[in-house]
Amino acid sequence: MVEDETAAILYATFPRRLLALCVDAALFFGGATVFALGIELVPIQAVRIFFIGLLVAGVLLYEPLLVSITGGTLGHHALNLRVAKESGGGKLGFLQALARMWLKGLLGVLSFFFMGLTRRHQALHDLATRSSVQINHTAKARATHFVVELTVPPGEVDVSKLRRVVAILAWGMASFVAMSLATIPILSDACAFQGLCSEGEELAQGGITFLWTLGLGAILVFGWRGRLPGAREQRPELARGDDV
């Protein structure tokens, strides 16, 4: 089926992209586990080293090769998605796809919060590499799978950019202090000052850090949209004193 070239571009929602990532993770780790077990059965050391090198190459090249050659990973294709250039909609080059993968790995979940700040619902690693994740076959997509480009950028609110940035930094620092205070009653002195943590302490610390990361992302999104106290957009109905 030939897609209508004049149709609006449909951009993937975060849940859709997350599902694609989960499919890739399941396929990758399952395949890597089988491959690693097979290596253990090889008696010759030199051959084992060769296959270990292949495994490492697979880790590093899986995403950039598939994205640059086919327009997406196996997870993308399974979820009817494709990674395309921001302008023109063509496939990314290998180096562009490689940079995108590394940025996504370095930034982690925080990168995806930028999807709420951009017109084309791009994560930070998409913005940095001038790419976007789109629906591949529009006829197969459901309404919950996509969003369209925003006609008004999310950053256009009645609050200056400087004021929003200051508010984001202030609330970000406050959240960091709150996270640090939350760990005091949980961690022992040996864990806090010497790094000698029990499994329970490491788990608690990881959970608090994860929640703080989510909170930081929310601060970023709501702050840029003028929804944080101290840099809140003055809505017309509130300015008139109307009931809401």
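1. Let me begin at Gly226, which comes just after helix 8 and takes a positive phi of about 70°. Please keep in mind that this is a predicted model, so the angle, like every value below, is computed from predicted coordinates.

2. Helix 8 itself runs through residues 199–224.

3. Which residues of helix 8 are buried? They are Glu201, Ile208, Thr213, Gly217, Ile219, Leu220, Val221 and Gly223. The elements covering these buried residues include helix 6 (161–183), helix 7 (189–194) and strand 5 (227–228).

4. Now to a loop residue: Gln122 sits between helix 4 and helix 5 (124–128). Is Gln122 buried or exposed? Its relative accessible area is 2%, under the 20% cut-off, so Gln122 counts as buried. Leaving aside residues up to four places away in sequence, Gln122 touches Glu86, Phe114, Met115, Leu127, Ser131 and Ser132.

5. Another loop, the one between strand 2 (81–85) and helix 4 (94–107), holds Gly93. Here the relative accessibility is 32%, which lies between the 20% and 50% cut-offs, so Gly93 is partly exposed.

Definitions and conventions:
Residues numbered from 1 in each chain as written. Predicted model: local features only at pLDDT ≥ 70, side-chain atom pairs only at ≥ 80, totals over all residues. Heavy atoms only, no water. Helix = DSSP H or I, 4+ residues; strand = E, 2+ residues; numbered from the N terminus. Buried < 20%, exposed > 50% of the residue type's maximum accessible area, 1.4 Å probe, protein only. Expected span 1.5 Å × (residues − 1). Contact = heavy atoms within 4.5 Å.
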